[in-house]
Amino acid sequence: TTSGVVDASAVQLSDSSALRRLTRTEYDNTLEDLLGDHTRPGSLKLPEEVTTPDLAFDTNLKTQQPDAKLISSAETLAQEAAARAFRDPAARKFLVPCTPSGAADAACLKQVVSAFGRRAFRRPLSADEVDRYLAFQPFAVEAQDFYVAAELVVRAMLQEPEFLYRLEVGTADRARAGLFKLNGSEMATRLSYFLRGTTPDQELLKLADADQLGTPEQVRAAAARLISDPRVRDRVQDFHGQWLSYKKLQLPTELAAAMQAETKALLDRVIFDKPSSYLDVFSAKETFIDATLAELYGLPSPGAQPGWVPYGKSRRLGILSHGSTLAATSKATDSSPTLRGRFISTRLMCRPIPPPPPNVNADAMIPADAVCKKDKIVAQRSTGTCGGCHVQMDPIGFGLENYDREGRFRAVEDVHPECSISGEGNLPDVGAFNGADGLAVALLSSGRIQDCVVREVYRFALGRDETDAESAALQAATTQFNGEGQDFRQILVSVAAMESFGFRYENPKGTR
């Protein structure tokens with residue numbers, strides 16, 4: 001970086017878990033809080049996070065490898081954001097909390113460095129660090145403009161690894177090898193990015209400075225306060241969009257937006273607007289749609305504006321009937337029982353399924369006389385070594401085949417209308433079901449969703465899978481969730497209050 005305060009090449013930490021890169025969403029949220037910048041440039045210029053069926057979240061450490069594009073993008077973004085901020089009189093006044101007496105006003109520049117650095121790095125700066133940034137003063141003197149140095153300070157800090165990454169080093173736990181207790185600033189940062197997706201607010205920073213985030217009870221209290229922050233709504237929506245795979249849909253833009261709005265409305269209602277059992281997300285008997293989706297689903301139109309419409313006798317129920325989840329678990333041109341079954345197993349039941357062997361030619365396994373999709377899939381899984389995994393996925397997906405890739409109900413296959421679709425499915429260890437409503441009922445009766453959503457929130461928060469040693473604590477959180485009305489917000493608070501939330505794990509063992 002320009003200042004040399006933290007050199008990325010010199011950051012040598014014992015485990016990559018000490019470095020949590022800001023995602024594109026987190027970067028944009030942070031820039032908005034630091035500079036009042038609403039342009040959200042990170043979503044356009046930062047490298048896109050990679051997710052897979054087994055790595056649902058952009059917060060996962062395995063997807064956060066630095067590369068040359070990140071470095072060059074960060075430099076451009078910092079330069080442009082600093083320039084925008086200092087062109088805006090209101091933003092410039094916010095960033096410079098003093099009135100400079102002239103270009104050489106070192107005392108005022110020191111205030112800029114300390115105040116902005118505190119927020120940008122999520123911790124107080126040392127005296128030596130402040131002095132290093134004061135080295136920009138001569139540029140202001142040369143230009144006879146104090147704000148030249150102030151802008152360079154902001155620009156330099158926005159390129160620092162300690163801004164782009166959340167450094168979680170901690171102090172080694174003497175009694176437990178591989179565990180590092182996070183300090184107050186690290187805890188404030190982890191908690192804020194988990195719940196709000198952005199840098200800590202002033203209240204959290206004060207708690208960190210006062211060493212009031214050192215116990216699970218203190219963290220629980222801080223998390224309970226943050227739950228009412230409007231940013232939590234956005235974070236909860238982001239979690240669900242990634243967990244349930246509908247954040248990005250391979251559909252026309254307007255249709256995708258309508259489907260995502262439908263799902264957002266249901267989540268907002270159940271979790272925030274009219275808080276009720278989280279399971280209502282899966283058992284809701286009405287949905288929020290516009291006229292386009294009403295026609296697509298075969299439901300009554302809400303009129304000129306989107307509104308809540310009952311499912312009635314349509315055999316739909318909850319979020320699994322939404323076009324968003326049905327489209328997210330389909331191929332680009334057709335529905336896929338295998339993809340849908342894998343999704344239900346891995347995302348809603350937390351039952352991982354191994355990826356297919358490399359270089360498998362599935363088409364070669366299809367008998368020449370097979371016409372109907374179900375017959376083809378059954379033939380595929382009965383050939384070679386694929387059956388063991390497909391038997392865990394396909395029977396689930398068959399139960400959703402009455403819905404095409406956009407969520408439209410059909411009784412026969414699109415390409416082969418001579419092939420009828422029964423909608424009969426089977427959920428391993430639960431039993432037979434029929435259709436999206438039957439699947440929802442079967443899943444809820446299994447009790448797996450409650451346990452799985454707690455685990456998925458934990459993975460989202462920590463950027464990794466849980467260890468074997470953490471299973472008991474997660475089970476306790478699930479029990480508490482079930483015992484307190486299944487309020488999703490309670491999961492957020494409980495995860496934050498877990499002892500392990502306050503530690504960095506060096507090379508954690510037992511994760512899948």
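Which residue in β9 does Leu179 stand opposite? Leu179 stands opposite Tyr505. The model is predicted: local features need pLDDT of at least 70, side-chain atom pairs count only at pLDDT 80 or more, and totals for chains, interfaces and linings use all residues. Residues are numbered from 1 along each chain as its sequence is written, and side-chain values use heavy atoms, with hydrogens and water left out.

**Sheet**
- Helices (H or I, at least four residues) and strands (E, at least two) are DSSP runs, numbered from the N terminus.
- Three strands form an open sheet in the order β3-β4-β9, with antiparallel pairing; two strands pair if DSSP finds at least two bridges between them.
- β3 (171-172) and β9 (503-505) are the edge strands, each pairing on one side only.
- Strand β4 (residues 179-181) is joined to β9 by 3 bridges, and the two run antiparallel.

**Helix α1**
- In α1, 9 of the 12 residues are buried (under 20% relative accessible area; exposed is over 50%, partly exposed in between; 1.4 Å probe, protein chains only).
- Among the buried residues are Arg24, Tyr27 and Leu31.
- Gly36 follows α1 and has a positive phi, near 70 degrees.

- Arg315 has phi near 70 degrees and lies in the loop between β6 (307-310) and α17 (323-328).
- Arg315 counts as partly exposed because its relative accessibility is 36%.
- Asp429, in the loop between β7 (424-427) and β8 (431-434), also has phi near 70 degrees.
- Asp429 is exposed, at 73% relative accessible area.
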